[in-house]
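Dear colleague,

I am passing on the structure below, and my notes follow it. Please read them with the coordinates open beside you.

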Amino acid sequence: IARFLTMASVSALSKFWLKHLNHFHLQSDDNYKHLIHFIKYRPQNKPLLTISNHNSTMDDPTLFGSFVPWSISLNPAQMRWTVCSEELCFMNAFTSMFFGTGKVMPIGRGDGI
């Protein structure tokens with residue numbers, strides 16, 4: 001239930017932020033339709049990991065949370081995993097719990113391979 005609540009709240013805030021406080025237009029072309037199809041109909045227990053090159057920490061959750069339909073946003077099994085740097089998203093017990101339940105994996109930046 002924690003994962004559902006985390007993802008639903010982030011998606012709701014993201015949709016509100018981009019649709020009501022900004023100028024956001026989603027081009028519902030074939031690429032978008034294919035992405036949504038692959039998210040919805042990928043085999044059960046097959047995870048989806050997305051990584052984005054972004055301008056701010058909020059780009060990835062805000063964009064992904066706002067453009068997927070509610071049927072995906074409210075289904076944690078269909079939502080994807082992503083990554084966030086340890087020093088931003090996993091700096092204390094609260095943020096670690098929040099981002100962990102939101103399907104975010106920690107990465108150590110600058111540590112090499």
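Arg80 lies over the face of Phe64, at 4.3 Å from the ring centre, where a charge counts as sitting over a ring if NZ of Lys or CZ of Arg is within 6 Å of the ring centre and within 35 degrees of the ring normal. Lys15 has its charged end over the ring of Trp70, 4.9 Å from the centre of that ring.

This is a predicted model, in which local features need pLDDT of at least 70 and side-chain atom pairs count only at pLDDT 80 or more, while totals for chains, interfaces and linings use all residues. Residues are numbered from 1 along each chain as its sequence is written, and side-chain values use heavy atoms, with hydrogens and water left out.

Phe64 also belongs to the largest nonpolar core, whose nine residues are Met7, Tyr32, Ile36, Ile39, Phe64, Phe67, Val68, Ile72 and Met79; such a core is a set of buried Ala, Val, Leu, Ile, Met, Phe, Trp, Tyr and Cys residues joined through side-chain atoms within 4.5 Å. The elements that give two or more residues to this core are H2 and helix H3 (59-67), and the largest share, three residues, comes from H2. Helices here are DSSP runs (H or I, at least four residues), numbered from the N terminus.

Phe24, by comparison, is found in the loop between helix H1 (2-20) and helix H2 (30-40), and is partly exposed at 29% relative accessibility. Beyond its neighbours within four places in sequence, Phe24 is in contact with Leu18, Leu63 and Ser66.

As for the aromatic rings, the structure holds five pairs, counted where the ring centres of Phe, Tyr or Trp (its six-membered ring) lie within 6.5 Å, with planes under 30 degrees apart taken as stacked, over 60 as edge-to-face and the rest as tilted. The rings of Phe90 and Phe99 have centres 6.4 Å apart and planes at 50 degrees, so this pair is tilted. Ring pairs link Phe90, Phe94, Phe98 and Phe99 into a cluster, in which Phe99 is partly exposed, with a relative accessible area of 23%.

With best regards

Technical notes: Buried < 20%, exposed > 50% of the residue type's maximum accessible area, 1.4 Å probe, protein only. Contact = heavy atoms within 4.5 Å.
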